[in-house]
Structures are given as structure tokens and as C-alpha cells.
Amino acid sequence: MIVVFYIASIIAVFASIKVIFCRRVEKAILYLAISLFASALIFILLETYISAVLYILFFIGGAVILFRAVSLMLEMRRDNVENGKHGISPKIWLGPLVLAFILLVVLIYGVVSTDYTQFTESHELMHQMSIYAYVLMAELATFLLLGAAVISYHFMHRMLSEK
Amino acid sequence: MIPLMYGLIFASILFVIGLLGVMIRRNLYFLLLSLVIMNNGAIAALFVASSYWQQSDGEVLAILAVTAVLAQISVGLALLVKLIYRRKNFNIDSLSEMKG
């Protein structure tokens with residue numbers, strides 16, 4: 001099982017790296033879908049089946065279809081901002097790469113040096129949220145999505161009517 | 001059973017890759033893709049913690065985070081369309097010239 005976790009995490013990490021360095025829009029979307037599906041495989045390995053299915057339905061379906069629809073609507077094929085022949089020039093990505101690597105080292109040091117034995121006993125106080133609190137959170141999430149949909153419709157409507 | 005440490009290291013790596021993408025790309029479209037990768041790392045951390053404690057609170061929070069990411073994507077793509085119709089390019093740096 002741990003071997004499957006290694007393979008899926010390596011696929012997810014490499015697909016994510018390809019997403020941020022890719023210059024073609026369709027390839028970037030496909031690599032993003034591969035990365036998200038590898039993450040979903042890891043969630044299934046963690047035995048959180050229902051949430052993994054909800055993740056696949058909402059996140060992968062919703063995010064990938066939204067990105068693809070916008071790229072089709074605007075007829076994007078390539079990244080026109082980055083004009084280098086061999087991708088993004090090292091002058092741009094060298095400084096952020098060093099900063100991100102330092103951050104990664106600090107994060108991994110924090111994860112590794114934590115003593116996990118004190119986390120094993122379950123805290124009863126943390127599990128006091130009842131089912132009604134979850135219903136309230138679901139309603140809040142629905143309001144959030146409704147607000148986002150209204151904002152998107154407002155922008156699109158004004159843009160298309162001005163045109 | 002996957003150890004908690006490995007899952008958290010995986011989530012950290014995904015988060016840092018997304019942060020690197022946010023820093024180096026100037027196209028708003030790819031910036032939103034990098035934001036999705038960053039949020040995917042946070043969601044992975046929530047799933048791993050929920051599986052470690054065998055309680056379903058983390059999964060509920062993860063699904064809430066998925067909803068927040070979807071709202072963020074839809075608003076960001078609407079802003080992208082607005083940027084295209086106003087400025088005719090995808091460069092996020094062109095927004096710094098905007099006056100009042």
C-alpha cells in the first residue's frame with residue numbers, strides 16, 4: 001500500500017511541476033487533472049471514500065470544466081505573456097525557486113521534527129461539533145458558491161452586453 | 001496505513017510547488033492553476049489528518065475547502081474575462097496601471 005502511495009505522490013508532484021512550467025493551455029489543464037486524480041487516489045488509500053468521491057465530483061469536475069470552458073471561450077492556445085523560446089527564463093524563476101526551496105526545507109523540518117506520540121490520544125473536546133453545526137457549514141458553503149455564481153454572472157453579463 | 005508524516009510532507013511539497021507557480025507566472029490563467037495546486041496541498045493535509053485521527057471532522061472541512069476553491073476559481077475566471085475585454089492581454093502586471 002505504501003508503494004502505491006509513493007507512486008501516486010510522485011505522479012502528483014511531477015504533474016504539478018509540469019503545470020506551472022507548461023506554456024500550452026490544454027497540456028496544463030490535462031496535467032492538472034492528472035495531478036488531482038493522483039491526489040484522489042491517495043485519499044482513497046487513506047480510506048476516506050465518500051469524501052474522495054465528493055472531491056472527484058466537485059473539485060476535479062468543477063475546476064477542470066471551468067478552466068476548459070474559459071479557455072475555449074477566450075480561444076487561448078498558448079501563453080502569450082512568456083515570450084522566451086525555451087519557456088520561462090531562469091532570470092525570472094531562480095529567485096523564487098530559492099525562496100520556495102528554503103520554505104520547503106523549513107516545512108519538512110517542522111513536519112519531521114514533530115513528536116507524533118503526543119497526538120495519539122484523542123481529545124474529546126475537539127469532537128463536540130454536532131450534526132447541526134455541519135448543516136450550518138453546508139449552508140454557508142452553499143451561500144459562498146451562490147455569491148460566486150452571482151458575481152460571475154454579473155461580470156459576464158456586463159461584458160457581453162457592452163460588446 | 002500511510003504514516004501521518006509522509007502525508008504531511010506530500011502536502012507541503014504540493015503547497016510549495018503552487019507557491020512557486022504563483023511567484024513565477026505572470027499570466028492570470030496559469031496563476032489561477034497554481035492557486036488550485038496550492039489549495040490541493042491544503043486539502044490533502046486535511047484529509048491526512050482526518051484519516052489519522054479516524055474522525056470525520058477533517059473530511060467535512062476538506063469538502064468546505066473544496067467549495068471555497070470552486071468559488072475562488074469562478075470569481076477569478078470572471079476577473080480574467082474582464083481583464084481580457086478591457087486590456088486585451090493576460091498579463092497580471094498590466095493591472096498595476098489601473099487608476100482609481
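**Spans and helices**

I began with residues 28–46 of chain A, where the end C-alpha atoms lie 27 Å apart and the span is 95% helix and 0% strand. Helices here are DSSP runs of H or I with at least four residues, strands are runs of E with at least two, and both are numbered from the N terminus.

Before going on, I noted the ground rules: this is a predicted model, local features need pLDDT of at least 70, side-chain atom pairs count only at pLDDT 80 or more, and totals for chains, interfaces and linings use all residues. Residues are numbered from 1 along each chain as its sequence is written, chains are lettered from A and ligands numbered from 1 in the order in which they are written, and side-chain values use heavy atoms, with hydrogens and water left out.

Next I looked at chain A as a whole and found 5 helices and 0 strands. Along the sequence the pattern reads α-α-α-α-α. Of the 163 residues in chain A, 34% are buried (under 20% relative accessible area; exposed is over 50% and partly exposed is in between, with a 1.4 Å probe and protein chains only). I looked up contacts too (heavy atoms within 4.5 Å): among those in chain A with a separation of 6 or more, 62% are between residues 24 or more positions apart.

For chain B, the annotation "transmembrane region", again from an unreviewed UniProt entry, covers residues 6–24, 31–54 and 60–85. Residues 6–24 of chain B are 100% helix and 0% strand, with end C-alpha atoms 27 Å apart. Residues 60–85 of chain B are also 100% helix and 0% strand, and there the end C-alpha atoms lie 38 Å apart.

**Where the chains meet**

How many residues of chain A are in contact with chain B? I got 80, and they touch 65 residues of chain B. The buried area between the two chains is about 6,900 Å², and carbon and sulfur atoms give 79% of that. Buried area is the accessible area (1.4 Å probe) that two parts lose on being put together, summed over both. On the chain A side, A:Ile20, A:Leu46 and A:Phe67 lose the most area to chain B, together 10% of what that side buries.

Leaving aside neighbours within four places in sequence, A:Tyr116 touches A:Val111, B:Leu4, B:Met5, B:Leu8 and B:Tyr52.

**Rings**

I found 11 aromatic pairs over all chains. Rings of Phe, Tyr and Trp (its six-membered ring) pair if their centres lie within 6.5 Å; planes under 30 degrees apart count as stacked, over 60 as edge-to-face and the rest as tilted. A:Phe5 and A:Tyr6 make a tilted pair, 6.1 Å centre to centre and 45 degrees between the planes. A:Phe5 is buried at 3% relative accessible area, whereas A:Tyr6 is partly exposed at 39%.

A:Tyr6 also pairs with B:Tyr6, tilted, at 6.1 Å centre to centre and 40 degrees between the planes. A:Tyr6 is in helix α1 (residues 2–21) of chain A and B:Tyr6 is in helix α1 (residues 4–24) of chain B, so this pair joins two chains. B:Tyr6 is partly exposed, at 30% relative accessibility. I wrote down one aromatic cluster made of A:Phe5, A:Tyr6, B:Tyr6 and B:Phe10.

**Charges**

The side chains of A:Arg24 and A:Glu26 meet in a salt bridge at 3.8 Å, N to O. A:Arg24 is partly exposed, with 35% relative accessible area. Between chain A and chain B I counted 0 salt bridges.

Notes: UniProt positions renumbered as here; feature names shortened; annotations may be inferred. Salt bridge = Lys/Arg side-chain N within 4 Å of Asp/Glu carboxyl O.
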